Amino acid sequence: MRRVLILLFIFVCALPVFSQAKHPFTFEDMMALKRVGEPEVSPDGKWVIFSVVDVDLAANKKSPHVWIVPVTGGEEREIISDQDANRPRWAPDGKRFAFLSTKEGGSQIWIAEFDGAAGKVTGVEKLTSIATEADGELWSPDGKNILFTSNVYPECTGSPSEEEACNAHKLKQSADSKVQAMIFDHLLYRHWNGYKESKRSHLLVIPAHACVGTAVPGCPAVAARDLTPGDSDAPQFSLGGQDNYAFSPDGQEICYTSNHDEVEATSTNNDLWLVSVNGGPSKKITAENKASDSTPLYSPDGKYIAYRAQKRPGYESDRFDLVLCDRKTGVKKDLTDWFDRWVEAFTWSPDSTQIAWVNENAGGTVIQLTAISPPHDSRPQARSPNSPIENLPISSADLPVAARNFTTMITGSSDNPLFTANGVLLFTRMALDEPDEIWGRAPNHGDVRRLTHVNAGVLSHIDMSPLEPFWFTGALNDKVEGFLVKPPNFDPNKKYPVKFLIHGGPEGAWGDDWSYRWNPELFAANGYVVIMINFHGSTGYGQKFIDAINGDWGGAPFQDLMKGLDYAEKTFPFIDKDRECALGASYGGYMTNWILGHTDRFKCIVTHDGMFNTESAWGTTEELWFNEWEFKGTAYNNRELYRKWSPQLSATNFKTPTLVVHGQLDYRLDVSEGFQLFTTLQRLKVPSKMLYFPDEGHWVLKAQNSQLWYKTVNDWVDQWVKK
């Protein structure tokens, strides 16, 4: 009531003043937005800490800081602002939290003392000073240790101090050497945007001394112990999302993901391993599954380990199921084998009776709850006909009963779910017109409400349009979903040019979510209708729909895109079908290259980090399992299929003006793919331009590079479409 009264008072007082007009979204607006990280709830359930990244466009710099908000709602505020501070993680006593900072050079772990009554930080101290840097820190549930990842030299063995000295020495040797050559003896020698440089990602543990953070003189220096020695990445590489490692509730054991197959570049056989916090040999617990097992998370009562698993070896886009492993018996049960969507992030309830998990669904995401019934009870549970929960018997092997709940938490896209001590479910939520904010849902399916409004001030002055879905009949006579975004100040009586966006993956999707790299609102802002199609291969429509793209890259997806655009042109009279430009990155870059040789309907094309020559792309990529699954073999034993879907073989048909964009550090799709395409266009005298980034990988991440990217792309489209 107090908030309502305040709002009414402001409204009445503001009557004589004209309201400020909203303006179209700009790149500068986007850089002014704060980027909210995943929330962490204090052990007493009172506070939520989270990171917020600020972008300084002039300085070309991103700086994370730690913020806090009460679980019950209220004003969010910054509590670490005088240094960069990222990934905050609570100590079990709630009196401290760890965070990552580069304040004194490379990334290290720092400890902040926290006053829970006032919600303030009272002091910070650095915990680690490791030469190979520290990342991904995690506090043990017993409060005694902090686990973290570091890229170390696997040959550095011995005592913790000997390991640390060896790594520091080898790093210095490499930095001081006049020779920068590298020698490889196995594949996956480079990955995404960097060379491995003979290092491996390992899990290290360091005691969390009580004196750290209290400014007590003489705090003993203790070296971190490598818990996963050997010539394997342990934990396995991840592009983000849930950690690939976790502590047991007693703090004595760690479960992590690692792939020990001989040829890593062709294998998705990630396994779960157990190791003592005191070190020693690791034990593999998923040997029976030759596909991926990852993101382990112990139940709070210590009885189970939940994790995500796939079933088909070599297929990174197979369905991700939620699996439960009984720690005592080793028996495993797939809890979601009935559900034809991917399980994304998940979390346990504090009483170990429920798992909340996220899945994509038709352009949005849903948070679902799976109830874990008493392990002795494997019978179907009685329920009323109208109950949203259906209990399913899953086995007679003393495993719990799974339950389904198809309740959508909120529209848009939700992620990073976690429970508070009193059962409040927190998560981040984004939409097409707003980046992540933190939301919460009361226990027992209570009200959903928003906790943070970090970007409300900036967004209140911007004119954006909602995402509008439409459906049509696509390839294979399947229903396919598309989306439309209208420009600001939209007039239905006018004709608008079109930016036709094609997503990457290809096992990805457009939806009601936010992006800083390919932002539909920003593309629409200068007077365009934006159209996006979730073609065959897109996620969120079932595994059969995803699998349809395998071996058919230029087939059904191309048909979907053309049929979807045909439908939009016929259905929406404000679309000017004579002024359309196709834009795409990654697989979207491949598809724009394919479009170049198979239709002249577009006035221009923008192709970013796309595959041009399927055979050379196989030989220059790092994750070979991807190409070898999608094209059903290697480029030398199944050359016919590679050549069937290779855009370069249609080069004599190229006529459409094309902007080529590529980064030197892109090792998923090597920069040579962009160079080959640009050379071909130039020799064919097709109007073309290339934007080359020597310091970017598969994504353009640096602020001023991003500014140049948007300007160059939009100027190119304007040149050919808007005139």
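Which side chain does Asp 334 meet in a salt bridge? The legends below give the answer. This is a predicted model, where local features need pLDDT of at least 70, side-chain atom pairs count only at pLDDT 80 or more, and totals for chains, interfaces and linings use all residues. Residues are numbered from 1 along each chain as its sequence is written, and side-chain values use heavy atoms, with hydrogens and water left out.

**View 1. Asp 334 and Lys 311 form a salt bridge.** The side chain of Asp 334 meets that of Lys 311 at 3.7 Å, N to O (a salt bridge is a side-chain nitrogen of Lys or Arg within 4 Å of a carboxyl oxygen of Asp or Glu). Asp 334 sits in strand E24 and Lys 311 in the loop between E22 and strand E23 (321-326), so the pair ties together parts 23 residues apart in sequence (strands, E, at least two residues, and helices, H or I, at least four, are DSSP runs numbered from the N terminus). Asp 334 is buried, at a relative accessible area of 14% (buried is under 20%, exposed over 50%, partly exposed in between, with a 1.4 Å probe and protein chains only).

**View 2. Arg 308 pairs with Glu 344.** Here the closest N and O atoms are 3.8 Å apart. Arg 308 is buried, with a relative accessible area of 13%, while Glu 344 counts as partly exposed at 23%.

**View 3. Glu 622 and Arg 668 meet in a salt bridge.** The N to O distance is 2.8 Å. Glu 622 lies in the loop between helix H9 (614-620) and helix H10 (624-630), Arg 668 in the loop between strand E41 (658-663) and helix H12 (671-683), so the pair ties together parts 46 residues apart in sequence. Glu 622 is buried at 3% relative accessible area, and Arg 668 also counts as buried, at 11%.

**View 4. The largest nonpolar core has 99 residues.** Phe 500, Ile 531 and Trp 709 have the most contacts inside this core (a nonpolar core is a set of buried Ala, Val, Leu, Ile, Met, Phe, Trp, Tyr and Cys residues joined through side-chain atoms within 4.5 Å). Helix H13 (residues 703-722) gives the most to this core, with seven residues. Among the residues that Trp 709 touches are Arg 517, Trp 518 and His 608 (contact means heavy atoms within 4.5 Å).

**View 5. Residues 1-19 have pLDDT under 50.** For this stretch the model has zero contacts beyond four places in sequence (pLDDT is the predictor's confidence in each residue, from 0 to 100).
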